[in-house]
Amino acid sequence: MSKSLVQQQFGAHAAAYATSAVHAKGASLKRLVELVQPQSHWQALDIATGAGHTAAAFAPHVAHVIASDITDEMLEETRKLAASKSLGNLETAVADAEALPFEDARFDLVTCRIAAHHFPDVPRFVSEVRRVLKSGGTFALVDNISPDAHSTPGFPEAELADAAATYNAFEKLRDGSHGRCLGLAEWCNLVTDAGLAVLHREILPKDMEFAPWAARMDADAGTVARLRAMLEDGTPALKAFLRPRLDAEALWFTLDEAIVIARK
Ligand SMILES: C[S@@+](CC[C@H](N)C(=O)[O-])C[C@H]1O[C@@H](n2cnc3c(N)ncnc32)[C@H](O)[C@@H]1O
């Protein structure tokens with residue numbers, strides 16, 4: 001998936017991310033701050049900041065935070081958010097997650113929330129995170145995950161692999177800039193292979209109403225119908241993972257977000 005497609009998709013929908021409840025108020029935001037225990041002297045970097053919600057959540061607790069992204073329109077939303085909250089210690093920077101324009105060992109904390117599934121080369125991203133972290137620095141990752149034996153126990157490996165591929169196809173149909181959601185075990189292995197020590201991992205389920213989820217990326221009627229069919233007619237493993245259900249006529253499902261906290 002190309003980075004220009006990411007910029008096109010997110011550039012066109014930047015305002016929707018500024019107000020999206022999942023991004024602005026999702027449970028993982030508060031939980032991340034709780035787990036990281038940021039310190040007032042810390043230099044922080046938020047990668048793929050989107051409309052800046054994660055950078056803004058950490059800014060009051062650290063000395064300085066750079067909110068970075070490759071999409072200018074998103075950084076514009078971040079600047080508006082910082083101004084509205086009078087966050088004088090938050091600055092924005094254009095940065096590709098896989099080629100960070102920052103010197104080695106600059107940051108005490110690097111965060112990245114609900115974005116890594118867009119990155120074409122995730123090992124390169126994690127290696128960049130390690131490079132810009134000080135020794136003893138913290139990496140705090142949140143991302144949607146795909147099903148594996150950890151999140152969706154009780155299914156043979158082949159059925160889980162099939163469910164993971166279908167789940168990623170479901171996301172990609174709604175948003176062409178979607179790359180791939182990894183499983184939680186895959187994330188932990190990758191972080192460890194990059195030379196960071198995993199201190200904590202957990203899964204947070206988040207309930208999604210289907211219609212606004214599809215609308216946020218402007219899916220047309222045909223695409224919405226195909227997405228709905230994928231959700232309702234999935235294999236048992238996919239249904240165990242996405243938990244589709246009707247509630248007062250509205251279709252809902254659940255996505256799993258993983259939090260991984262690691263130290264350099
Ligand atoms: C869903 S938004 C991020 C949400 C945000 N982190 C939050 O907590 O609300 C995904 C962001 O990833 C950015 N992005 C995608 N690929 C990127 C890359 N290779 N480098 C930097 N940013 C990237 C997009 O521009 C978009 O702003």
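This is a predicted model: local features need pLDDT of at least 70, side-chain atom pairs count only at pLDDT 80 or more; totals for chains, interfaces and linings use all residues.
Local features need pLDDT of at least 70, side-chain atom pairs count only at pLDDT 80 or more, and totals for chains, interfaces and linings use all residues. Residues are numbered from 1 along each chain as its sequence is written, and side-chain values use heavy atoms, with hydrogens and water left out.

The ligand sits in the largest cavity. A cavity is a set of points, on a 1 Å grid over the protein atoms alone, where a 1.4 Å probe fits but cannot get out. A molecule sits in a cavity if more than half of its atoms lie within 2 Å of its grid points. The shell around the ligand holds 22 residues, each with a heavy atom within 4 Å of it. Thr54, Asp69, Thr71, Ala97 and Arg113 are the closest. By type, the shell has 11 nonpolar residues, seven polar and four charged. Here Ala, Val, Leu, Ile, Met, Phe, Trp, Tyr, Cys and Pro count as nonpolar, Asp, Glu, Lys and Arg as charged, and the others, Gly among them, as polar.

Two helices, α1 (3-12) and α5 (53-58), each supply at least two shell residues. The largest share, three residues, comes from α1. Helices are DSSP runs of H or I with at least four residues, strands are runs of E with at least two, and both are numbered from the N terminus.

A polar side-chain atom of Asp69 lies 2.6 Å from a ligand oxygen. For Thr54, the distance to an oxygen atom of the ligand is 2.7 Å. An N or O atom in the side chain of Asp96 is 3.3 Å from a ligand nitrogen. The protein covers 99% of the 600 Å² of accessible area that the ligand has on its own. Areas come from the Shrake-Rupley method with a 1.4 Å probe.

Asp108 is buried, at 11% relative accessible area; buried means under 20%, exposed over 50%, and partly exposed in between (1.4 Å probe, protein chains only). The side chains of Asp108 and Lys134 form a polar contact of 3.2 Å.

Ala105 lies in the loop between β3 (90-94) and β4. Its phi is near 50°, a positive value in a residue other than glycine.

How values were computed. A polar contact is a pair of N or O atoms within 3.5 Å; within protein, one must be able to donate a hydrogen and the other to accept it, and residues adjacent in sequence count only if both atoms are side-chain atoms. On a 1 Å grid over the protein atoms alone, a cavity is a set of points where a 1.4 Å probe fits but cannot get out, and a pocket is an open set with protein on both sides within 12 Å along at least five of seven lines; lining residues have an atom within 4 Å of a point.
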